[in-house]
Amino acid sequence: MNEKALRILEYPKIIGKLADCATSAMGKDLCEKLLPSTDLGEICQGQMETTDALSRLYAKGSISFSGLRDIRGSLLRLKVGSSLSIQELMHIASLLETALRVKSYGRRDNDDLSSDSLDGFFNAIEPLSPVCREIRRCILSEEEIADDASAGLKHVRRSIKLTNDRIHSQLNSMVNSSSMGAMLQDNLITMRGGRYCLPVKAEYRSQVQGMIHDQSSSGSTLFIEPMAVVKLNNDLRELAAKEKEEIEKILAELSNQCGEYIEELSTNVTVMTHLDFVFAKASLSRSYSGSEPIFNEKGYINIKKGRHPLLDKKKVVPIDISIGKDYRLLLVTGPNTGGKTVSLKTVGLLTLMGQAGLHIPAFDHSELSVYEEVFADIGDEQSIEQSLSTFSSHMTNIVSIIEKSNYRSLVLLDELCAGTDPTEGAALAMAILKNFLRREVTTMATTHYSELKVFALSTEGACNASCEFNVETLSPTYRLLIGIPGKSNAFAISSKLGLPNFMIEDAKKFIDANDQSFEDLISDLESSRTIIEKERLEIEAYKAEVSKLKEKLEAKQDNLAKQKERILRDANEQARKILQDAKDYADQTIRDMNKLAAGKMDNMKEMEKKRSAVRDKLSKTDERLALKKEQARKNRPEDFHPGDTVRVLSMNLKGTITGKPNSKGQVAVQMGILKSMVNLSDLELLDEEVIKAPTLKKTGAGKIKMSKSASISTSLNIIGKTVDEAMPEVDKYLDDAYLAHLTQVTIIHGRGTGKLRTAVHNKLKKCRYVKSYRLGTFGEGETGVTIVDFK
């Protein structure tokens, strides 16, 4: 990619933001060297790695590579057998600690079986924990080696301590003696040249036996090493040399251990540097809500809701841009400050970012093409040194672009051929654009020339676009409209700003009739577009609403089907239990009668009682099972009317008919919350006394059953039931209570977890005949009950 286009499109600023996201010096260096690629495989690999890293960031949070050190120089010294310094070994330990942390971050949980493009990198990391522990055990800091680093060092340091103690003991006895006290300048022990001395007054020089190592600047004090401690100081010097020798041995041993893992250490450096770079790309993507684009090599761009990454994502207006499929030239027109240049830069910068393996700030499934070169001529490049005007400077750049561009290039031109005579400039611009079109160069250009708008309308492979402008508020909306040429709106803006109308009218007279009609055409197109856009939004809103209603209906039907299945299952189970109970009773009676038959004739009366009991039991069983086949056979469609109470024999449930029988001999029956089409042969009419309800408004029910008011309770207890068990009972109870003319009822749901209370309240909200409801007060059950008032 040419460096000029990178600079004009502000690619270095994106790289600066990327480098800030890296957490190691080597990672930052890799970020700063990132350039767009022209290899599709390399681009897709980079995009995949960024996507996988972003998924890990969302799943596990951020990861730091701050402990990563550049140890490549140390590894070269290890290869030739050199020993490393304390600092170099500590850098290796820091690297290995970071490797262990990164390895742990990359490890997948047992329930996460999916793999991604980063697994290979994490698996290649070798933490070398034994080596790291040994370095940390031996080296405490850059200035200190642990006493336990080796047995020899421990012995030497113990000897040094003992020798120091003997020296201090000897010198302290001298300092504290009465004979020496008057000879000393200060009662303290000092060091000169690494040897312990006493500050002796110059006049007592001959009275203190020892070696003079220094004197004060005034000459009044001599620093003398007493003969009594000379040998001890010599021993201390020898021990210090031995200590240094032991430390060198320790460092050599640690270096040898590291030298056994040169390849692993080198791999760790390379892999973690790359991972830091990849996670920096993912962090940058997260900062502007980026997404992975789809790439092609056909010159086709389709950016959905794209945003310029250097602008505030909360304020910038997203734009939709497509180019390269049906047209290779996109000509953007419109007033100044309308967003034309930002649109150009957005297309160019997002293309460069995508080819560099970075996510782009746009919706998912946006498409970009792989270009060998991106050329840009944007902004004022007037050069005083080269005596070039604005027009000359731009033309020099355009000439270079024409020479270097081909069908695999993206060309971005801002204010093409501006800064010269409008007529000549427009003609020149058309010639340049025609050249790009003929050579199939993907081109996006901005202009104010009306001639170019006509050119785009009449030329195959070219398309107009405009940046929307609100004339009422005199402000741009920054939306890019493909297919519609833009107006300069100079007259409208001038009028709003207070220019007298007569001047505007005079100005219109100077405009050519063709230009005037073209501007009117643009106005009509814009008006039509606004209407169509408004209708489209309304249609989308309706479609969304219909989709939601469909989902609710499907959910309701699924729920009803489940409840129906459960009711049928419960009914069948209940019937089985009734039959089993009758069978068990009959079997026991037969056994009893057999025993009685084996006895005397006096037992005949007892046997007769048993037979009667069996007949009664079978009669009750038959009644409970509602096996009234003769009644069912007598049913006729004209016998059933809306509002009639019936029993559904197959389910042993009472219900109310809500419609008229159809041609198939089926009728709609409401059984609590369950509404089903039931065959007339499966119904039994229940004869109940009915009363008229003059005080009620006329409804589809038609009548109110006396049995409701006779049997309905003023309260319903659902404590201990699940929501699925309780809600059908609540639904049926509310219907019965309303039909029975109760003005107020109590639903007892208890406190518990609150699920029953919530479900009851949700039901009451939707119930059309409920006037109001509230929780109980003190003495009514408080939060364990809900008081319901009917309309």
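What follows is a chat about the strands, salt bridges, surface patches and loops of a predicted model.

Reader: Hi! Before I dig in, what should I know about this model and how its residues are numbered?
Author: Hello! This is a predicted model in which local features need pLDDT of at least 70 and side-chain atom pairs count only at pLDDT 80 or more, while totals for chains, interfaces and linings use all residues. Residues are numbered from 1 along each chain as its sequence is written, and side-chain values use heavy atoms, with hydrogens and water left out.

Reader: Which way do the β10 side chains point?
Author: Leu 329, Leu 331 and Thr 333 point one way, and Leu 330 and Val 332 point the other way.

Reader: Switching topic, how many salt bridges does the structure hold?
Author: There are 26. A salt bridge here is a side-chain nitrogen of Lys or Arg within 4 Å of a carboxyl oxygen of Asp or Glu.

Reader: Which residue does Arg 157 pair with?
Author: Arg 157 pairs with Glu 243, and their closest N and O atoms are 2.8 Å apart. This pair links distant parts of the chain, with Arg 157 in helix α9 (residues 151-176) and Glu 243 in helix α11 (residues 227-259), 86 residues apart.

Reader: Why does Arg 157 count as buried?
Author: Because its relative accessibility is 18%.

Reader: What about Arg 192 and Asp 214, how do they meet?
Author: Their side chains meet in a salt bridge at 3.2 Å, N to O. The pair also links distant parts of the chain: Arg 192 is in strand β3 (residues 190-192) and Asp 214 is in strand β5 (residues 210-215), 22 residues apart. Arg 192 is partly exposed at 25% relative accessible area, and Asp 214 is partly exposed at 33%.

Reader: Now Arg 536 and Glu 540: how many residues apart are they in helix α19?
Author: They are 4 residues apart, so about one helical turn separates them. Their side chains form a salt bridge of 2.4 Å, N to O. Arg 536 is partly exposed at 35% relative accessibility, and Glu 540 is partly exposed with a relative accessible area of 40%.

Reader: Okay, surface patches. Which residues form the positive one?
Author: Lys 548, Lys 552, Lys 556 and Lys 766 form it. Helix α19 (residues 513-597) gives the largest share, 3 residues. Lys 548 is in α19 and counts as exposed because its relative accessibility is 55%.

Reader: How are patches defined?
Author: Their residues have over 30% relative accessible area and no salt bridge; like charges are joined within 9 Å, and nonpolar side chains (Val, Leu, Ile, Met, Phe, Trp, Tyr) within 5 Å. Lys and Arg count as positive and Asp and Glu as negative, while His and the chain ends are not counted. A charge is placed at NZ of Lys, CZ of Arg, CG of Asp or CD of Glu.

Reader: Which residues form the nonpolar patch?
Author: Leu 499, Phe 502 and Met 503, with about 290 Å² of accessible area together. Such areas come from the Shrake-Rupley method with a 1.4 Å probe; for residues, only the protein chains shown count as cover. Leu 499 sits in the loop between α17 (490-496) and α18 (501-509).

Reader: Last one: what phi does His 365 have?
Author: A positive phi of about 65 degrees, although His 365 is not a glycine. His 365 lies in the loop between α13 (340-355) and β11 (367-369), and is exposed at 53% relative accessible area.

Terms used: Helix = DSSP H or I, 4+ residues; strand = E, 2+ residues; numbered from the N terminus. Buried < 20%, exposed > 50% of the residue type's maximum accessible area, 1.4 Å probe, protein only.
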